[in-house]
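Open the model in your viewer and keep the sequence panel beside it. Each stop below tells you what to select and what is there.

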Amino acid sequence: MRTYILLLMLAASITASAQSVGRKLENKANESIDKVIDKIDIGNLFSKKKKNKSGKQAEKLDPKAVGDKINDNQTIENGGIVQQAESTGTSSPKEKSGKYVTYYQDIMMGDQKNTKFGQFFVPSSGKCVDIETAKDMQKDVAMVLFNGYGGALILTFPANAKESDLSSSYDEIDMFKESEGGMESWEQENINSGQLYKGSMSDAAFDKLVDANNWKSFNAAYANNMDGMYATYTNPNIGVYNIKFSNSLRALMRIKNVVPKSGKGGSIKFDIIVERK
């Protein structure tokens, strides 16, 4: 019996010693963990992550990489500015000479009987405006579309409009009348002239030029599409036109659809690559 009691006392002593050693080891481990945690700056760790993220976004919005300024309604992707809902176009990077090109897509231009689409094209914005708006921005208006003698559509330039329609119908069109605030009332130095020529460029070649998105490709394509004589007006047809504005800048216009006459007026639909500097 006495031996049994001694064995129980020995077992209890061993258990107590093991628990004491375990507590000491646990305390040592906790102290080591606390020291490591104290060396970590949690707030600084997260602030660095935020700085890196915001810095990456700012790098993408570098306006020096493209020809135009970045507006609130535009985003930047490789190759230039990409238009959103109300954008004015897609611009290429600038060359060392300062020249670049801007591409506008699916522009609708109407004749004087069309109440939905404007008759005057403004290259700086890629928009077609009506006579009231055009009067307030005369220097910016580069081309005009109207329905002339015999109901034929005429695409020309403001200063060349009268010579493009030799019939008396010109004087009967309100958008030209001085009394109606038409072009006859504009300051002569504000009225732009120009020249155009319909070449043989294919849709595939034009699309390739759009994808290239640079002035050098535009310059070469313009020369390749110019194998005839310029004119000051045309009865628009589907195809690619070389256009030279009076400020010496040029454009390649691809007319995609022509509605010569309808109850709502005539119209054309086109894409255009405009040279800028």
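A pocket, on a grid over the protein atoms alone, is an open set of points with protein on both sides within 12 Å along at least five of seven lines. Keep in mind that this is a predicted model.

**Stop 1: the largest pocket**

Select Pro123, Ser124, Asp140, Asn247 and Leu249. Of the 16 residues lining the largest pocket, these lie nearest its centre. The volume of this pocket is about 290 Å³. What kinds of residue make up its lining? There are 6 nonpolar, 5 polar and 5 charged residues. Now colour strand 13. This strand gives the largest share of the lining, 3 residues.

**Stop 2: isoleucine 268**

Stay on strand 13 and pick isoleucine 268, which is found there. Is isoleucine 268 buried or exposed? Its relative accessible area is 0%, so isoleucine 268 is buried. Show what surrounds it. Not counting residues up to four places away in sequence, isoleucine 268 touches Ile107, Met108, Met109, Leu145, Leu153, Leu155, Pro236, Ile255, Asn257 and Val258. Take leucine 153 from that list. It sits 115 residues from isoleucine 268 along the chain, yet their C-alpha atoms are separated by 9.2 Å.

**Stop 3: helix 6**

Select residues 215-224, which form helix 6. Show the side chains of Trp215, Phe218, Ala221 and Tyr222, which are buried. Look down the helix axis: the buried residues fall within an arc of 125°, so they line one face of helix 6. Turn to the face away from that buried side, where you will find the exposed residues Lys216 and Asn224.

What do the buried residues of helix 6 pack against? Their partners are strand 4 (100-110), helix 5 (203-212), strand 11 (239-245), strand 12 (250-259) and strand 13 (267-276).

Next, go to the start of helix 6. Here a side-chain oxygen of asparagine 214 comes to within 3.3 Å of the backbone nitrogen of lysine 216.

**Stop 4: alanine 221**

Remain in helix 6 and select alanine 221. Why does alanine 221 count as buried? The cut-off for buried is under 20% relative accessible area. Alanine 221 has 13% relative accessibility, so it counts as buried. Leaving aside neighbours within four places in sequence, alanine 221 is in contact with Met201, Leu209 and Leu252.

Finish by drawing a distance from alanine 221 to phenylalanine 206. Their C-alpha atoms are 8.5 Å apart, with the two residues 15 residues apart along the chain.

Conventions: Residues are numbered from 1 along each chain as its sequence is written. This is a predicted model: local features need pLDDT of at least 70, side-chain atom pairs count only at pLDDT 80 or more; totals for chains, interfaces and linings use all residues. Side-chain values use heavy atoms; hydrogens and water are left out. Buried means under 20% relative accessible area, exposed over 50%, partly exposed in between (1.4 Å probe, protein chains only). Helices (H or I, at least four residues) and strands (E, at least two) are DSSP runs, numbered from the N terminus. The arc is that of the directions from the helix axis to the C-beta atoms. Contact means heavy atoms within 4.5 Å. A polar contact is a pair of N or O atoms within 3.5 Å; within protein, one must be able to donate a hydrogen and the other to accept it, and residues adjacent in sequence count only if both atoms are side-chain atoms. On a 1 Å grid over the protein atoms alone, a cavity is a set of points where a 1.4 Å probe fits but cannot get out, and a pocket is an open set with protein on both sides within 12 Å along at least five of seven lines; lining residues have an atom within 4 Å of a point. Grid points are joined across faces, edges and corners, and a volume is the space filled by probe spheres set on the points. Ala, Val, Leu, Ile, Met, Phe, Trp, Tyr, Cys and Pro count as nonpolar, Asp, Glu, Lys and Arg as charged, and the others, Gly among them, as polar.
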